[in-house]
Amino acid sequence: MNYQLILFVSFVILNIFLQAKISADMDKILKVNYERHTLSNGLEILLYPRKQLPVTAVNLWYKVGSANEVPGKTGFAHLFEHMMFQGSQNVDKEKHFHFIQEAGGSLNGSTSIDRTNYYETVPSNYLEMVFWLESDRMGYLLPALTQEKLDNQKSVVMNERRERYDNQPYGRAFETIFSNLFPEKHPYHWPTIGWMKDIEGFELDDVKDFFRKYYAPNNATMVVGGNFDKNETLELAEKYFGEIESNVVPNGITVPEVKLTENKEMLLEDNVQLSRIYLAWNSCKAYSDDDAALDILADQLGSGKNSRLYKKLVYDNHKALEVSAFQYPGKYDGSFFIIATAYPGVSLDELKKEIFNELNLMVREGISEEELTRSKNSIKSTFIFSLQNLDTLVDHINTYNFYLNEPDSFIYDLGRYNNLTTEAVRAACDKYLRNPYVELKVVPKGGNDAN
């Protein structure tokens, strides 16, 4: 009897069994049992009860971001991230923060190219207060929106822009890249915060008109997650949001075709000590066929100390102090970035040459199964860990609903990576990173990129 063969077969069977069990357990963990309800005014409500928690999270997405703006009037979406905390008809200025924090909760908002998000997490017995606050600014912000408040927040946003963009080292890099990667009328051409000249020109009537267009219940989705009673929550939603009138939201955005026909090279002198090179390519939309493969590619090239470019340029050759790569997809388009900061005495042209040598190698040889498994495990562990936070989990639900129209897409999302092959990653590199690109060199003032 061949005991080694029996042992080997037993090991294979056990491994298959364990993998199947892990997969089944994972599917159980990632399965989200939610309920979808829609009020008569179009407000979409997604309920995700988790009775074992002592808190309730409310995550409200308005389907409006900087992509909904037009040239000459940029920055409105981000402005409202500020204005929505400046008081409404029945809530005084800054009281939204005060009420939530006094209850022991947390809150904030964020703006992206595609959406604006407001969220609160509170002890479960304060859910009604959150509904009151959110409904008052959804339905009754305009009566409290004054010229004085607008002027105040214009100053705040202008200072924010100075601090985070104009006076921040490398702060103008991304807006420079996006304005060259996407044509002038493309919705991703301008920065989310807006151009300074547009912010300076905010007019009260234009601001109010933007709110009327997009801040309507039929242009919003509210996720409620955590400890709550479903029937009571729906009654409260009807009580506080039901009377808010819907609106005719503008139709979809027209997106011009994006296809660079030649490389664009730019030099930006800045108050920096070290030179940095940015390389950017047009890529693909969020959750489209190649999106996950480009995530894996970015992980292999420049995400962490084990990545190829980091190991080669930082550890082995000492030509860079840091390297990163990432895929940045949106609803209408995407972009892929590689960024490297030069070691003192090293030119950006040297870094660029090393980067393209690695890209050419990636196209020729691809990645190994071991590398692919490492990336998959890293993405999976980060993904699972993030779901331990209720705020993140309900935001994921809103994300999937927005991009995929299916809130319960956790298993699908992770499956996009699990199903990838090494050839898919190699092919994505060949398909996107051999196309014309935008190159930006940020150097110390004086133009010396060798530091």
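Phenylalanine 356 and tyrosine 437 are both buried in this predicted model.

Let me turn to the aromatic contacts as a group. The structure holds 34 aromatic pairs. One of them joins phenylalanine 178 and phenylalanine 182: the ring centres are 6.0 Å apart and the planes meet at 10°, so this pair is classed as stacked. Both partners lie in the interior category. Phenylalanine 178 has a relative accessibility of 14% and therefore counts as buried; phenylalanine 182, at 1%, counts as buried as well.

I return now to the residues with which I opened. Phenylalanine 356 and tyrosine 437 form a tilted aromatic pair, with 5.2 Å from centre to centre and 40° between the planes. This pair links distant parts of the chain, as its members are 81 residues apart. Phenylalanine 356 belongs to helix 12, residues 348–365, whereas tyrosine 437 is in the loop between helix 16 (422–432) and strand 11 (438–444).

Which residues do ring pairs link into a cluster? They are Tyr62, Phe76, Phe80, Phe85, Phe97, Tyr118, Phe202, Phe210, Phe211, Tyr214 and Tyr215.

Finally, I come to charges over rings. Phe85, a member of that cluster, has the charged end of arginine 137 over its ring, 4.6 Å from the ring centre. In a second case, the charged end of arginine 115 sits over the ring of tryptophan 61, at 4.9 Å from the centre.

Terms used
Residues are numbered from 1 along each chain as its sequence is written. This is a predicted model: local features need pLDDT of at least 70, side-chain atom pairs count only at pLDDT 80 or more; totals for chains, interfaces and linings use all residues. Side-chain values use heavy atoms; hydrogens and water are left out. Rings of Phe, Tyr and Trp (its six-membered ring) pair if their centres lie within 6.5 Å; planes under 30 degrees apart count as stacked, over 60 as edge-to-face and the rest as tilted. Buried means under 20% relative accessible area, exposed over 50%, partly exposed in between (1.4 Å probe, protein chains only). Helices (H or I, at least four residues) and strands (E, at least two) are DSSP runs, numbered from the N terminus. A charge sits over a ring if NZ of Lys or CZ of Arg is within 6 Å of the ring centre and within 35 degrees of the ring normal.
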